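Subject: Structure for you to look over

Hello,

I am passing on a structure that is new to you. Please open it first, then read my notes below.

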Amino acid sequence: MKYLKIIWQNIVKEYLVIIRKPAGLIFWIVLPFTILVVFGVSFPGGFLEIKRAPVVILEDGNNQVLVDSVKERISSEYFSITIKKGDDSILRELVAGENYMLGIYPTMSGYDVKTFIVVDNSNPLAEGPVLNTLTNKLKGDRGVFVERINLYKEDFGFVGYLFPGIIAIGIMFISLNVASMGVIRERILGSLERILSAPSPLWLFLISKYLAYIVLASISGILVLAAGNILFNIPISGSIWLVILLEVFTALPFIGLALAASIIGKSEFESQAIANFIAIPLMFISGVFFPVQCMPNYIRTVAEILPLTFSVDALRDVIIKGLGYSDIIYAFGALSLYALLFFILVILIFRKRKK
Amino acid sequence: MEIIKTKNLSKRYNGNLAVDSLNLSIEKNRIVGLVGPNGSGKTTAMRMICGLLRQTNGEVEINGLNLSRNLSKIQEMLGYLPQQNALFPDLTVYENLYYFGAVFGVCDRKLLNRKINDLLEKLGLKDQKKQRIEKLSGGFQRRTAVACSLLHNPEIIILDEPTIGLDPAIRVEFWNLFKGLKSQGKTILISTHYMEEADECDEVIILNRGKLAGFGGPDELRKKVFGNVYDLSQTKSKNSFENVYLNLTK
């Protein structure tokens, strides 16, 4: 009976602590609704529904009629069609470089129409539903032969597609969760006050935190990279150093966000709730599990400027497609910009707190 | 020589004045007590003097330097002990000391180790050097916390209730340490709720609702309260500093 009373009092105390600082609890309660909204808005017809899949038809100058007939056959809500001039040698480059899921090159073979389809096989949407729909539409008429050409030699499968995204979300989660505890814990213990009473500048303290968490996040990224390679045989086509550098740049904005949450939060619970409130929706709309091409245009526009999307895309570019530094400089630029913005935000919040 | 000076120092929180036009002038090489009821603005005043909190109005001068304009220079001169121990519970005594020593700019490893060993000896922490803070008693934790504030050999030591919750023997040890620091030329500003400790100070600042209710030596304040009839031969309880305090903070 005595023990039951103690247990009961402990439970009451825990709830009182949570209720008296309700912000954390509110975040956790609101989170499932947010995810529901994110899914409902971003993937209204399911994850792999095709709508406006970017497709390019190549016209070599002699086959205008063919191009028109292919375009007519495939014209539907499923494809967003672009016609470009050139020959088949640039088709692969075009698909890879301009992010088309499929490239179509119609040719005449005697009286038959032969269509080469270059598939971005790093994208499961392109490999699956988009290719099937397109092939069915083209084969609808007799005499059209379709030959598939993979853009990449390796067969990555869905795990291969997920892999770079998993590295990125692993880094995001570790950065957000570890760093969100970073300042709040010291604030609660009082050690932050002692540190701030030291003659060292604030930025030095913050940079130290960034460095500590970057190392942690990068190690976690390297471990996932190694696990994917060893356990699932996922090849790393590009430079491993570039992947590690990308991991570092992926961690930067999230550490900044988490530090901001850590300064704003009134308890460890609240800070972590804020961090996860940001992380979980990001995980679903940044193209980690489902291609952003599945999303309606307005969500896609937002998704494409999110830091995690830049990171996931760049990691895919290096790990799967084997691209180099100059091809992913956009991601370094965007992630650096986010990192800088959040760093400034952290300093501003810190200064405001001091007032 | 004036080492801490505040001019009309005020701090407003959500419309309420936590510290109201505080004018202080603290001489070098003194132990100055800061007393007042809970919420009287002691910690707020101390935090403003340390540069941890920005004042709403007024100015702070440390050693003739304006605090707002010379923050890092002044912070080198200050050693601050917050109300909490402000230590890392997962680290050992030595690790905490080493960390805070480094943060406060004692970068030379040999020098820092010498200072740490010296403080461990002085504060009776030698046997606890390798123990984690979370495993230590409150008294040892507080000793470590005080040691962390002294590592960089500050000229001015600001201690926010350093002896709260400690047993009388440790409090006596602490006061011996503070007096020893004073004999080395340090200035100590110490907040306390123990009136017998305030009585040990060279000067006492009494705060009440953010305002200065009294400032002077303990005997000077006694005279102020009890008038010239103040008589050293009277019973201790009647002339006690506690009565001075209660009178001034009514």
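First, the ground rules. This is a predicted model, in which local features need pLDDT of at least 70, side-chain atom pairs count only at pLDDT 80 or more, and totals for chains, interfaces and linings use all residues. Residues are numbered from 1 along each chain as its sequence is written, chains are lettered from A and ligands numbered from 1 in the order in which they are written, and side-chain values use heavy atoms, with hydrogens and water left out.

Chain A

Helices (H or I, at least four residues) and strands (E, at least two) are DSSP runs, numbered from the N terminus. Two strands pair if DSSP finds at least two bridges between them. Chain A has an open sheet of five strands, in the order β2-β1-β3-β4-β5, with mixed pairing. Its edges are β2 (79–85) and β5 (144–150) of chain A; each has a single partner strand, so one side of each is left without a neighbour in the sheet. On average, neighbouring strands of this sheet are turned by 25° against each other, direction ignored. Axes here are lines fitted to C-alpha atoms, for helices over the stretch in contact, and angles run from 0 to 180 degrees between N-to-C directions.

Strand β1 (residues 53–59) of chain A pairs with β2(A) in the parallel sense, over seven bridges. In that pairing, A:P54 stands opposite A:S80 in β2(A). Helix α3 (residues 64–74) of chain A packs on the sheet and touches β1, β2, β3 (102–109), β4 (112–119) and β5 of chain A. Its direction makes about 160° with that of β1(A). Contact means heavy atoms within 4.5 Å.

Chain B

Chain B has an open sheet of four strands, ordered β2-β1-β4-β5, with antiparallel pairing. At the edges stand β2 (16–27) and β5 (65–66) of chain B, each with a single partner strand, so one side of each is left without a neighbour in the sheet. β1(B) and β4(B) pair in the antiparallel sense over five bridges. B:S10 has B:N57 in β4(B) as its bridge partner. Helix α1 (residues 42–50) of chain B lies across β1, β2 and β4 of chain B, at about 120° to β1(B).

Where the chains meet

Here 27 residues of chain B are in contact with 18 residues of chain A. The two chains bury about 2,000 Å² between them, 53% of it on carbon and sulfur atoms. Buried area is the accessible area (1.4 Å probe) that two parts lose on being put together, summed over both. B:L52, B:R54 and B:F104 supply 27% of the area that chain B buries against chain A, more than any other three residues.

Two salt bridges run between chain B and chain A. In one, the side chains of B:D90 and A:R185 meet (3.0 Å, N to O).

Best wishes

Key. A salt bridge is a side-chain nitrogen of Lys or Arg within 4 Å of a carboxyl oxygen of Asp or Glu.
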